[in-house]
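Please read the following account with the model open beside it, and follow each element as it is named.

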Amino acid sequence: MNLLTEILIFILSGLGLLFIALCMRFYLGRRRAEQIWAAARFPKLENLGTVKQLSVLPLIDDLTAKDGLSAESGVSYLVRADDTTILFDAGLNQAGEHPSPLLRNMEKLGVSVDQIDMVFISHLHLDHVGGMRYQSKRTFGLSGEVVNLVGKRAFLPTEMTHPSASVEVVTAPRIIAPGIASLGVIPRQLFFFGWTLEQSLAINVEGKGLVLVIGCGHPTVQRIVERAKQLFNLPIYGIIGGLHFPVADKPVQRYVGTDNWPWNPADKQSVESAIAALKVNQLRLMALSPHDSCTWSRAAFQQAFPGAYRDVRVGEAIEL
Ligand SMILES: [Zn+2]
Ligand SMILES: [Zn+2]
């Protein structure tokens, strides 16, 4: 055996061992996530209250509504509910720029950091916390350089820190402002990205019902809706955000972000199951983020919810 063959065998053995370790981690993590979901019991969240007006302005996503705005495969939405303004997720900022695409879009849309009362991070993935550099340090950031968030509360889904914001780790569902709640984290094991805790926002709009704002939708939209129904005796009026359906034309995400075995990733059937489950709720608003759903999935949702569907596009506020 020559040296080259030996090196090749060494590399292939290493890759084989790594794959076996990933399979073990996925098998055990998925079992743990199912056990936690089955055992989760939370009391009803009484006294949620209502908001009269809700506006969700996408600041970062895959599509833009106007020229001059930056598009990124990540999520950041400005949620304005009566007197409360929440920055929901912090985008991707892949190149670590300062000012980041998020800050640049904010400026173009007339939004300043001062207007933000609190930050809400759905989950610790790079496309939601402002990039890999922040994800790896278990923090979040609005730009390549530090943006001061002194005096602002940050509701986080897992143990994370921030140099200036007042961080609060959300484990159980809780009300965070009048008419606004976190549904608490729901765990999911992803094959490559590992253990993922994701929280979503629920906003009770007066005379309408709950609007759910979702980051990536890893726990599945069915479970997120089920959690909302467990917590509140309120109709689900609408859903805005990512539901993770890269089933046809986002090949990398389809395999890398999979919550199933990599040889059996999310498929069109899973989109159809989610649509069938959501139809029971007679949604009046269904705004699907393109950052983690493909064109085919968006068309399927559009067809299934003709009066309620709209794309999520940067710079185009969804107003209720
Ligand atoms: Zn995402
Ligand atoms: Zn994610």
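Predicted model: local features only at pLDDT ≥ 70, side-chain atom pairs only at ≥ 80, totals over all residues.

Residues are numbered from 1 along each chain as its sequence is written, and chains are lettered from A and ligands numbered from 1 in the order in which they are written.

Helices (H or I, at least four residues) and strands (E, at least two) are DSSP runs numbered from the N terminus, and two strands are said to pair if DSSP finds at least two bridges between them. Strand E1 (54–60) pairs with E2 in the antiparallel sense over six bridges, and with strand E16 (residues 318–319), again antiparallel, over two bridges. Ser-55 takes part in both pairings, for it stands opposite Arg-80 in E2 and has Glu-319 as its bridge partner in E16. Six of the seven residues of E1 are buried, a residue being buried if 20 or more other C-beta atoms, placed from the backbone, lie within 10 Å of its own.

Strands E1 and E2 (76–81) are also among what covers the buried residues of H2. In that helix (residues 101–108), the buried residues include Pro-101, Leu-102, Leu-103, Asn-105 and Met-106. After H2 comes Gly-110, with a positive phi near 75°.

Elsewhere, seven strands form an open sheet in the order E7-E8-E11-E12-E13-E14-E15, with mixed pairing. Its edge strands, each pairing on one side only, are E7 (174–177) and E15 (309–311), and neighbouring strands are turned against each other by 25° on average, direction ignored. Within this order, E12 (residues 209–214) and E13 (residues 236–241) run parallel and are joined by five bridges, with Val-213 standing opposite Ile-240 in E13. Helix H5 (residues 221–231) lies across E11 (201–205), E12 and E13, and runs at about 140° to E12; axes here are lines fitted to C-alpha atoms, for helices over the stretch in contact, and angles run from 0 to 180 degrees between N-to-C directions.

Why does Val-129 count as buried? Val-129, which is placed in helix H3 (residues 126–129), is buried because 29 other C-beta atoms lie within 10 Å. Leaving aside residues up to four places away in sequence, Val-129 touches Ala-90, Ile-121, Leu-124, Tyr-134, Gln-135 and Phe-140, where contact requires C-beta atoms, placed from the backbone, within 7 Å.

Note on methods: Buried ≥ 20, exposed ≤ 12 C-beta atoms within 10 Å, placed from the backbone. Contact = placed C-beta atoms within 7 Å.
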